[in-house]
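Colleague: I have a structure open that I have not looked at before, and I would like to learn how to read it. Could you take me through it slowly?

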Amino acid sequence: MDKSAYPYHGGRLRWHSSLAKLTFWSFVFIGVIFIFFYRSPSSSSSSSADPSRRSLRTSSWGGPAWEKKVRTSARIRSRNGFSVLVTGAAGFVGTHVSSALKRRGDGVLGLDNFNDYYDPTLKRARQALLERAGVFIVEGDINDAALLKKLFEVVPFTHVMHLAAQAGVRYAMQNPGSYVHSNIAGFVSLLEVCKEATPQPAIVWASSSSVYGLNTKVPFSEKDRTDQPASLYAATKKAGEEIAHTYNHIYGLSLTGLRFFTVYGPWGRPDMAYFFFTKDILNGKSIPIFEGENHGTVARDFTYIDDIVKGCLGALDTAQKSTGSGGKKKGPAQLRVFNLGNTSPIPVTNLVTILERLLKVKAKRNVMKLPRNGDVQFTHANISLAHRELGYKPTTNLQTGLKKFVRWYLNYYSAAGKKADAR
């Protein structure tokens, strides 16, 4: 049938599609405006009572001793090194990236609010790990504009690695406000300070593979559509990409977005499947194994943390300087987005089989239908662009990566148990 014979219907469909997109992004930015302009001054004092605002809690900062720690941590120790502010430094990816930067001689300063989305004890242990490496983590929130301005006054950062975010697809159904607050408002807060800095830093930030949403074309390419988010988390990450475009266009900020694909490894996040599968298998509890429609396989492009770190450093190393100064653009600036995945989707059932072998324990599998909570059935990264531009090439397969994770998990929680017994 010749579709051109029905121009009215095609135009109407396009009009409805455009209206739907406009409506969606309108709601997103209305949320940002609400966060910024309608939050009462007293709201931060009651943040502990409101879980959507718990990331507003900020420790005290400032003073000569504090500034000395900041400067010392951010001091560059290698020729042509960078001075990098890493937000979310006590997080999973943030810890590994900060360690890698410090090892090669870059100056690194961390920022983290240590919220309780998952066990803060693990975040504190990561903090101790970084402190031993010479990385100081400022405890504070990315929505604290005064703190951010102070940090840039103390240190003229050349780069920002922005990894702070409210993570998790399913938690968004319980606490949507935390996602708008952190992933949208927090990103805007950071960009506002960066645009005013002289010189402006180059910014690399964490987007997510979740932006591909309901796409059925695989592998996912950076050229594919990303206007069908399947979760609020995905929507906030997509909003971040649009916000990055805006600040690049208006203020000349150099921005590189990285779409991570299911990162795993030592010091990981307890809310991730491989992590709580390990815990529940060892405790003899059943684990949920999801399947798609008609018993379809659920698979993920699992990417080992060391490979992700290589991609992050590659993005920093190839980031061009921002072109603005003091909030004024002086020329076109670099704007990029890359997939960082492993290019080898693995069924979740295979993940469980590998864990059974490594733990020497049979899992109690509870097979169930994939719920409508924002999870997608399949992810698969096309990394040809990252390979060409960043030299990105993942080298760790799932078997090897999980072996390293399990070794860390058993050592870490065995040590934690011994400490608890000693008390």
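Colleague: How many bridges join strand 1 to strand 2, and in which sense do the two strands run?

Modeller: Please keep in mind that this is a predicted model. Strand 1 (residues 83–87) and strand 2 (residues 107–112) run parallel and are joined by five bridges; as one example to find on screen, V86 has G110 in strand 2 as its bridge partner.

Colleague: In what order do the strands of the open sheet come?

Modeller: The open sheet is made of seven strands in the order 3-2-1-4-5-6-11, with parallel pairing. Strand 3 (136–139) and strand 11 (335–340) stand at the edges and have a single partner strand each, so one side of each is left without a neighbour in the sheet. From one strand to the next, the twist averages 20 degrees.

Colleague: Which way do the residues of strand 5 point, and are they buried or exposed?

Modeller: Here a residue counts as buried when its relative accessible area is under 20%. In strand 5, A202, V204 and A206 point one way while I203 and W205 point the other way, and all are buried. Because five of the five residues of strand 5 (residues 202–206) are buried, this strand is largely enclosed by the rest of the structure. Strand 5 also pairs with strand 4 (residues 159–162) in the parallel sense over four bridges, and V204 is the bridge partner of M161 there. For the protein as a whole, 54% of the 423 residues count as buried.

Colleague: Which strands does helix 6 lie across?

Modeller: Helix 6 lies across strand 4, strand 5 and strand 6 (255–260), and relative to strand 4 the helix runs at about 180 degrees.

Colleague: At roughly what angle do the axes of helix 6 and helix 7 cross?

Modeller: The axes of helix 6 (residues 176–196) and helix 7 (residues 232–251) come within 10 Å and cross at roughly 15 degrees. Angles under 35 degrees count as roughly parallel, which means that helix 6 is roughly parallel to helix 7. The crossing of the two helices is right-handed.

Colleague: Which residues meet where helix 6 and helix 7 come together?

Modeller: Among them, Y179, I184, F187 and L191 are on the helix 6 side, and Y233, I243, A244 and Y247 are on the helix 7 side. By class, the contact of helix 6 with helix 7 has 14 nonpolar, three polar and three charged residues.

Definitions and conventions. Residues are numbered from 1 along each chain as its sequence is written. This is a predicted model: local features need pLDDT of at least 70, side-chain atom pairs count only at pLDDT 80 or more; totals for chains, interfaces and linings use all residues. Side-chain values use heavy atoms; hydrogens and water are left out. Axes are lines fitted to C-alpha atoms, for helices over the stretch in contact, and angles run from 0 to 180 degrees between N-to-C directions. Angles under 35 degrees count as roughly parallel, over 145 as roughly antiparallel, 65 to 115 as roughly perpendicular and the rest as oblique. A crossing is left-handed if the near helix is turned anticlockwise from the far one by less than a right angle, and right-handed if clockwise. Contact means heavy atoms within 4.5 Å. Ala, Val, Leu, Ile, Met, Phe, Trp, Tyr, Cys and Pro count as nonpolar, Asp, Glu, Lys and Arg as charged, and the others, Gly among them, as polar. Buried means under 20% relative accessible area, exposed over 50%, partly exposed in between (1.4 Å probe, protein chains only). Two strands pair if DSSP finds at least two bridges between them.
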